[in-house]
Amino acid sequence: MADKKIKSIPKNLKISTRIFITSVLAIIIPTIIIVILAISLIFFASERFNYSNESSGTYSIISQLQWSQIASELTDELISFESDEQKLEMIKDKIASLEEMNTLVYISKNNENFYKTDTDIDIVQKAEEISDDESDKNLYYLGENGLVLISTTVYDNDEYRLIFVNENYIVSDNAPGKNSESFIGMLINRASIVMAVVLITFITAIIIISFITTKTIVGPIEELTIGANEFSKGNFDYEIKYKSRNEIGQLADSFNEMRLRLRESIEERNRADQKQKEMIAGIAHDLRTPLTSVKGYLEGLRDGIADTPEKRDRYMEIIYNSTIDTEKMLDDLLAISKFDIGAVSLNCEKVNIPDFIEFAGELGEMLEKNDFDFEIIDKTRTSPNLYVDTDNFIRVINNIISNSIKYRRPDVKGKIVLTISEYKHTVIFEMKDNGMGVDKESLPRIFDTLYRADKARTNVRNGTGLGLAVCKQIVEMHGGLIWAQSEFGNGLSIFISLPIYKEE
């Protein structure tokens, strides 16, 4: 259990904590590496320095730096505030060390002899012979003939000039006593300064980068967290406003897209729930009406109210018609349920427009019995073919005609005009009647299940609101569209658009 807890700790760390730890490690690890490299470099330089002390015949770069360091140290003592005697006393040990290595030393002050190695050799001329150069310049020469170092310094109106000459070309680098230690100390000091500057710059850069990283990552993630919390509370109006093309921006866009889809899904579910409630209420109401009628007339028969054969026949006819209406409504409900769950399959076949017009002519005979005029207008040009389930499509036509008959105007003779138009990819059927029509408020919903423009729903025989809903299901299964246009009191037009069937 303890091991599992230890393993789970890194997973629970905040991103800001992870960034902080990463930044600290990014500072510590390179710092350790730099320190190790610096120590190794100093150790390597010291070894090379000592090796150079023991070797002969060559001069390394370190020996060159050491000769310059010796000249610098002597110059510092010469320009001090001491008297000339004290200055000579101060530099005597270093000069003696140089002279022990057969180095000739000449020091002048304001072009006058200040110190000269005890020899008959003209040191200035010897320097010119070895270096083949003018001796009045600062010079560091190291060649086959020997070593020459000339350094000139002006301080407080006094000019000091140092000349070192060594013809042997073999010099022990640590000749001046403590010069090796001082040189290594100088190297360490300067290396420490460089290393400190590098570390400070590196640490500052890491801190700035960490701050920017934290700001650009943790901030957007906190915004995403707030948005997710709002979504969990059901607030789908909250929008995550982080805009970027990076991964977090894409995630924010996905969250916003999910928010819109969830809101749309919930609204759709609410509409479906409301529709279902209305449908259940409508079914209960529409079933109650014929059942109440059947019950009432059966009670009349049972109680002997229908005491004549004519009354009994009338009662029985009403009971029969109410039962038929109830059965039809249940059949339509069953059909819609099958369409909704995908339990209906179409048995389609090729049908051309002339065949359809011939069938439509037969419908005219049925309409004449209901005192309706019927007219067919064929605007097709090429007699296009349709691919339809004839039984279901006939049901659509019959439902539309039945709807027109139910909502006819009592003072006007009914009329239905069927217009067939051909377009590039579709055929559009328009069935227009001269009935009561539908108001603008009800028109968009006449294809909804159990919706009727008659809000009172007092007579189921005048429509249950299922016929046009069945039409919509069938037409859409054929890949078509159905819609309506109407002017209240001036008839209703139902349009059906079906794709033209083209054989491959």
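**Close-up views of a predicted model**

**View 1. Strands E4 and E5 lie side by side in the sheet.** Strand E4 (residues 146–155) and strand E5 (residues 158–166) run antiparallel and are joined by 9 bridges, where two strands pair if DSSP finds at least two bridges between them, and where helices (H or I, at least four residues) and strands (E, at least two) are DSSP runs numbered from the N terminus. Serine 151 stands opposite leucine 162 in E5. This is a predicted model, in which local features need pLDDT of at least 70 and side-chain atom pairs count only at pLDDT 80 or more, while totals for chains, interfaces and linings use all residues. Residues are numbered from 1 along each chain as its sequence is written, and side-chain values use heavy atoms, with hydrogens and water left out.

**View 2. An open sheet of 5 strands has the order E2-E1-E5-E4-E3, with antiparallel pairing.** Strand E2 (112–116) and strand E3 (139–143) stand at the edges with a single partner strand each, so one side of each is left without a neighbour in the sheet. From one strand to the next, the twist averages 15 degrees. Helix H5 (residues 123–131) packs on the sheet and touches E1, E2, E3, E4 and E5, its direction making about 60 degrees with that of E5; contact means heavy atoms within 4.5 Å, and axes are lines fitted to C-alpha atoms, for helices over the stretch in contact, with angles from 0 to 180 degrees between N-to-C directions.

**View 3. Strand E1 is largely enclosed by the rest of the structure, because 6 of its 6 residues are buried.** Buried means under 20% relative accessible area, exposed over 50%, and partly exposed in between (1.4 Å probe, protein chains only). Leu104, Tyr106 and Ser108 on one side of E1 are buried, as are Val105, Ile107 and Lys109 on the other. E1 is joined to E5 by 6 bridges in the antiparallel sense, with phenylalanine 164 in E5 as the bridge partner of valine 105. E1 also pairs with E2 over 4 bridges, again antiparallel, and these two strands form a hairpin with 2 residues between them, where asparagine 110 in the turn has a positive phi of about 55 degrees.

**View 4. Serine 108 is found in strand E1.** With a relative accessibility of 4%, serine 108 counts as buried. Leaving aside residues up to four places away in sequence, serine 108 touches Phe114, Glu159, Tyr160 and Arg161.
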